[in-house]
Amino acid sequence: MPSSTTSPARPSARPTVAVILVAAGRGVRAASAEAPPKQYRRLHDRPVIARTISAFLDHPGIDRVLTVIHPDDRDLYAAAVAGLDDSRLFPPVPGGADRQASCLAGLAALAADAPDYVLIHDAVRPFIRRGAIDRVIEALGREVAVLCGVPVIDTVKRADAAGNVVETVPRQGLWRAATPQGFRYAEIAAAHKALAARGITGVTDDAAVAELAGHRVLLVDGGADNVKLTTTEDFQMAEQRLAAETFLACPDVRVGTGYDVHVLEPGDGVTLCGVFIPHDRRLKGHSDADVALHALTDAILGALGDGDIGKHFPPSDERWRGAASRLFLEDAVRRLAERGGLLAHCDVTIIAEAPKVGPHREAMRAAIAETCGIAVDRVGVKATTNEGLGFAGRREGIAAIATATVRLPLAG
């Protein structure tokens with residue numbers, strides 16, 4: 001049986017520490033037809049996985065970060081980490097059929113230049129704190145395996161198949177397992193290989209792999225806020241948490257407005273708020289002529305005092321011919337984020353006799369929320385007619401008015 005401890009690695013130098021982020025799952029409990037896998041969903045201005053990677057890259061004791069992804073997610077991953085320029089972030093590797101196989105793939109990818117320690121972490125735990133990482137690394141100087149956990153504070157009941165309580169379980173000594181889970185690299189790599197060689201699969205916890213290999217696992221406090229984003233409700237609470245943090249950090253409240261109008265011409269449909277609606281007309285414009293997103297882009301730029309959509313995306317520039325107006329809105333949100341700001345709320349009113357907006361309203365709100373990286377309850381979409389008056393009443397064009405409320409840090 002392997003020893004539960006070994007002598008500390010590299011006594012005269014800091015041990016090298018690698019991180020494996022497990023991101024090969026499909027996230028079905030938080031998935032929807034429109035949303036990407038949960039690790040690529042946005043929390044405010046950034047994808048979840050980018051927040052998690054940054055949490056480790058921000059730690060001075062981390063030497064490399066390797067992400068294990070689903071083979072179909074390469075484009076999603078590339079887009080998510082596009083803004084992360086750090087040589088410690090290694091190219092991703094494809095995962096396996098389950099978490100155990102994905103972890104083995106990550107460990108194998110590190111073998112050529114094996115680290116002393118490896119931390120294995122769920123990519124959908126973006127709120128990991130530096131203190132928890134410190135505690136795991138420090139404990140690996142004494143133990144082969146270390147598990148971040150959270151003490152159970154609620155009374156625990158055991159029930160039978162019919163739902164009847166059969167036992168009250170004493171909560172003393174009970175912990176909820178979390179990540180990161182830290183290991184001496186050589187020992188956990190050998191433990192994973194041994195399980196695979198024996199045909200044992202489906203082990204969902206790397207600490208359990210270490211236990212099966214005979215290693216003692218030390219528990220350290222991972223922090224109650226180190227939550228795993230699993231369900232839609234988890235994402236809603238995470239949005240509220242980030243909104244509250246940003247709200248307190250950004251006391252400068254500004255409101256911007258935008259207005260746009262495009263001519264209607266014969267066609268097969270219009271795009272409004274990023275949603276295509278079949279119609280016997282289309283909107284004329286250099287891009288996709290999404291009048292609603294143009295107005296919203298101008299509203300955000302107005303709140304920033306940063307010109308308008310024509311300044312940043314002139315119609316004379318052939319790069320934007322036929323472009324999706326989502327790109328313009330993403331750019332405005334990026335400009336806001338670069339100044340440390342938050343889009344607190346936006347509201348769009350579409351002025352048109354046709355087509356009907358009501359059946360598409362929720363899809364429009366969801367599209368705007370996804371592009372802006374905010375919760376859908378921070379997006380308003382309304383429509384009205386012009387009662388037959390003016391160009392809109394004569395069905396010659398469609399107009400849109402938008403308002404954006406942003407919060408910025410006070411200037412120093």
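Predicted model: local features only at pLDDT ≥ 70, side-chain atom pairs only at ≥ 80, totals over all residues.
Let me start with Arg51, which, once its neighbours within four places in sequence are left aside, is in contact (heavy atoms within 4.5 Å) with Leu43, His44, Asp45, Arg46, Pro126 and Leu242. Arg51 sits in helix 1, residues 48-57, where helices are DSSP runs of H or I with at least four residues, strands are runs of E with at least two, and both are numbered from the N terminus. Because its relative accessibility is 17%, Arg51 counts as buried, a term that means under 20% relative accessible area, with exposed over 50% and partly exposed in between, for a 1.4 Å probe and protein chains only.

Residues are numbered from 1 along each chain as its sequence is written, and side-chain values use heavy atoms, with hydrogens and water left out.

Turning to the domains, the assignment, which is automatic or from a database, gives domain 1 as 17-248 and domain 2 as 250-408, and their centres, taken over C-alpha atoms, are 38 Å apart.

Now to the cores, meaning sets of buried Ala, Val, Leu, Ile, Met, Phe, Trp, Tyr and Cys residues joined through side-chain atoms within 4.5 Å. The largest nonpolar core has 41 residues, and those with the most contacts inside it are Leu272, Leu343, Ile350, Met364 and Ile368. Helix 8 gives the most to this core, with 10 residues.
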